[in-house]
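These are my notebook entries on one protein chain, written down in the order in which I looked things up.

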Amino acid sequence: YLMVVILLLLTRTVPLIKDFTTQVLDLSWNQILGFETISSDWEFLYSPGTILLLSALFAILIQRKSFKDLSQASVESLNTIKTTGITLVATLVMVHVFINSGINTSDLISMPEYIAENMSKYLGPIWLFVAPFLGALGSFITGSATVSTLTFSPIQLNIAQSIGAEPYTVLAAQIIGAAAGNMICVHNVVAVCAVVNMPGKEGSVIRKTLGPALLYCLLVGLSAYIITSIFF
């Protein structure tokens, strides 16, 4: 773990090393299907997966273990993820379709925007309570609090301005809700179950984490309402 931390810090904070790792072996795929806004970044040497692999190799040398141990552990890991890998790929494909659904020949709004606009239409008066749930929904679908926030923040801001709510409070609720949504994200749960050797238990895990996630968002919404009532 110490080696992982060192390599992460070196590749992220030292400009010379960062430039080298991001420019050498850049396997990124840009302008997918001819669309400038759709791309997939994969800077191989900069990737956390590569850093984990290098750290494992360093650990073998430092601990004076044989490469037979490494190969055996690798085979066991591959056997663990071979079934969940298919699920992850399929899920990620659907996520990217969802995110990029705004790119279409009919000039329709994207699915996230459609969901948010309809939610705001009917739930505008209580939006301070709803904002964290929208953030959680984004993370639940995309598996990323960052993507959820990038996708829904402009919509949250527009809704806040239209209903006269404090924008900073609404955006804060979005970010916190997005963090909560990670605990029920399908492909996050699939990946975790693969790591701890619990294949097929994804539904059970989500059922157990759904309650805390909803309670988390409810408390955030309540806090946003109280803060707005007192300070704004």
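**Entry 1: two loop residues.** I started at Asp-107, which is found in the loop between helix H4 (67-99) and H5; helices here are DSSP runs of H or I with at least four residues, strands are runs of E with at least two, and both are numbered from the N terminus. Phi of Asp-107 is near 55°, a positive value in a residue other than glycine. Asp-107 is exposed, with a relative accessible area of 70%, where exposed stands for over 50%, buried for under 20% and partly exposed for what lies in between, using a 1.4 Å probe and protein chains only. Leu-25 has its place in the loop between helix H2 (15-23) and helix H3 (48-62), and at 46% relative accessibility it counts as partly exposed.

**Entry 2: what kind of model this is.** I remind myself that this is a predicted model, in which local features need pLDDT of at least 70 and side-chain atom pairs count only at pLDDT 80 or more, while totals for chains, interfaces and linings use all residues. Residues are numbered from 1 along each chain as its sequence is written, and side-chain values use heavy atoms, with hydrogens and water left out.

**Entry 3: overall make-up.** I counted 10 helices and 0 strands in the protein. The C-alpha trace spans about 65 × 40 × 35 Å along its principal axes. Of the 232 residues, 30% count as buried. I also looked up the accessible surface, which comes to about 14600 Å², with 69% of it belonging to carbon and sulfur atoms; accessible areas come from the Shrake-Rupley method with a 1.4 Å probe, and for residues only the protein chains shown count as cover. Among contacts (heavy atoms within 4.5 Å) between residues at least 6 apart in sequence, 58% join residues at least 24 apart.

**Entry 4: the annotated spans.** The unreviewed UniProt entry places the feature "transmembrane region" at residues 44-62, 123-147, 168-190 and 210-231; I keep in mind that UniProt positions are given in the numbering used here, that feature names are shortened, and that annotations may be inferred rather than shown by experiment. I checked two of these spans against the model. Residues 168-190 are 83% helix and 0% strand, with end C-alpha atoms 34 Å apart, whereas residues 210-231 are 100% helix and 0% strand, with end C-alpha atoms 31 Å apart.

**Entry 5: the core.** Which residues touch the most other members of the largest nonpolar core? Of its 16 residues, they are Trp-127, Leu-134 and Val-170; such a core is a set of buried Ala, Val, Leu, Ile, Met, Phe, Trp, Tyr and Cys residues joined through side-chain atoms within 4.5 Å. At least two residues of this core come from each of helix H5 (111-123), helix H6 (127-142), helix H7 (145-163), helix H8 (167-181) and helix H10 (202-231), and the largest share, 5 residues, comes from H6. Setting aside neighbours within four places in sequence, I find Leu-134 in contact with Ala-116, Met-119, Trp-127, Ser-148, Phe-152, Gln-156 and Gln-174.

Entry 6: Not counting residues up to four places away in sequence, Gln-174 touches Ala-131, Leu-134, Gly-135, Ser-148, Thr-149, Phe-152, Ser-153 and Gln-156. Gly-221, in helix H10, counts as buried at 0% relative accessibility, and its contacts, with residues up to four places away left out, are Leu-128, Phe-129 and Pro-132. Cys-193, in helix H9 (residues 186-195), counts as buried at 2% relative accessibility. Cys-193 and Ile-81 are 112 residues apart in sequence and 9.4 Å apart in space, C-alpha to C-alpha.

**Entry 7: a surface patch.** Last, I looked up a nonpolar patch on the surface, formed by Leu-215, Leu-218, Leu-219, Leu-222, Tyr-225, Ile-226, Ile-227, Ile-230, Phe-231 and Phe-232, with about 1000 Å² of accessible area together. Patches are made of residues with over 30% relative accessible area and no salt bridge, nonpolar side chains (Val, Leu, Ile, Met, Phe, Trp, Tyr) being joined within 5 Å and like charges within 9 Å; a salt bridge is a side-chain nitrogen of Lys or Arg within 4 Å of a carboxyl oxygen of Asp or Glu. Leu-219 lies in helix H10 and is partly exposed, with a relative accessible area of 48%.
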